[in-house]
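Here is a short walk through one structure.

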Amino acid sequence: MGIRTKLILFILALLTAISAVMAFLFIHNEWASISANSQRKNLQILLAMSEVCKEQHASGGKSSAYRYFKTFLKTPEIIKVSCEVPGGRVFMQDRYYTPTPQPFSLSFKKFSPPSTGVWEPRSDNGVEILRASFKARSRGAEITARVDFSTQLISQEMDSSLRQSSAGFFIILSLSFAVGCIGTLIITRVIADPIQTMAEAARLIGSGRLDHRIPVKGKDEMGRLASELNEMAVRLQESDDIRRDFVSSITHDLRSPVTGIELCSDIILKLAEKREYDRIPEQVVSINEHSQRLNRFIDSMLEVSRIESGKMKLEIKSVNLEDLADRAVRAFKTYASQKGLKLELVVGEEIPDTRGDPDRLYQVLANIVGNAVKFTAAGSVEVFVETAPGGQRVRVCDTGPGIPPRELKNIFSKFYRISAGRREYPSARQGTGLGLFIAKFIIELHGGSIGAESAEGGSVFTVFLPGGI
Ligand SMILES: Nc1ncnc2c1ncn2[C@@H]1O[C@H](COP(=O)(O)OP(=O)(O)OP(=O)(O)O)[C@@H](O)[C@H]1O
Ligand SMILES: [Mg+2]
């Protein structure tokens, strides 16, 4: 059963229950007031009859009591009236009455008689009657006035009063119920439609359609849910792109050195067969470079697995950042001059020793200096070492292609490389996209921070190490 059907059924059940309770309360209250009116009216009739009987007795039976009796008998519920005077004389009058079948009755209780007088239900020739008697004194004698009411007619009278007063109420109740039903259909549509759209979108995204987006309407909970789902799809797409890129680059990164090693060793074999031994060292150097690249790749992968399993530990010693930066600059000097780049270390003040893991910090500096040289086609790379409030800082500034602002937050993610297909990043193929991820982890393990700023025409990477660790 869909969510909309469930909502409709739930609200309809609620509306029905509320209507039933309201109808019950209304009929209950109306019945109480109709019942009280009927009691009052019938008691008044009995007391009036008692006055007639007194009059009858006072006039010694000569009064026009029968004329009054007829007037009483015009009241539909009264079928017999009588006066009993001392000496056993009874003056009475009745009218012909046969009960008719009762229509469906709304009233759920019978008439409850008043407490004045004696009201006794009885059956008179198969007719249900309620006999009301009232004793009064007239000229020292006791006289009894009696009125026989038809039980059925009293009920019918009360029932018709109840029907009249309920008609308006039930019309209003039915209209409200109809409006409630229409409102339910509209509300469930407003609520259920976006849920269905999102369920469908989640199904599509789950089945791999990561480019699917939900139209965001409004800023309410549904709107926010839609934007969250869209953002989730974007992130999934990004990580899917990274994974795809990673698989293709990992295949490339593994294959190209392995193929290089295979080719070089083939050449060596052929050179040996031809006894051209003087050309062999050149191939051995090449094999060595390919092996180093392979090793670097495997080392990075191992490093990531160490980070992820929480096994990376620091060996804290006294270190000098200037010395470490100098080593990193010297390591890339040859590479930079091959590319025609100026690579310089700039230190304007004395840098005191600090504490840290020298190997790990060198690894970080080597990566950011290496990146600067690798991605810069022309110009210079400058490495500044300086003291900063609360610690020391290394800044690596290059005149490379820069990093687009929306990519800045991603470059520290695992395997992230700015699209390897772009012309301005020709060297991207040479990396795994792990260097900055590892660097960030190492620096944060030292309690420091690493960040990048970039504009068209260059990037600046800053590593900050707090003093006194
Ligand atoms: N100085 C820079 N100028 C321009 N882009 C840069 C610079 N430094 C890093 N990047 C971008 O950030 C990406 C991530 O750098 P990172 O050091 O993590 O990986 P890598 O150098 O590609 O590979 P690895 O360091 O693992 O060998 C690079 O691929 C490059 O796209
Ligand atoms: Mg790198």
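Helices (H or I, at least four residues) and strands (E, at least two) are DSSP runs, numbered from the N terminus. The model is predicted, so local features need pLDDT of at least 70 and side-chain atom pairs count only at pLDDT 80 or more, while totals for chains, interfaces and linings use all residues. Residues are numbered from 1 along each chain as its sequence is written, and side-chain values use heavy atoms, with hydrogens and water left out.

Helix α1 covers residues 3-58. The expected span of a helix is 1.5 Å times one less than its number of residues. For the 56 residues of α1 this gives 82 Å, which agrees with its end C-alpha atoms, 82 Å apart. After α1 comes G60, with a positive phi near 65°.

Helix α3 (residues 151-206) contains I186.

Polar contacts are pairs of N or O atoms within 3.5 Å. A polar side-chain atom of N371 is 2.8 Å from an oxygen atom of ligand 1, and one of K374 is 2.9 Å from an oxygen atom of ligand 1. In D398, a side-chain N or O atom lies 2.8 Å from a nitrogen atom of the ligand.

How values were computed:
Chains lettered and ligands numbered in written order. Polar contact = N/O pair within 3.5 Å; in protein donor to acceptor, adjacent residues only side chain to side chain.
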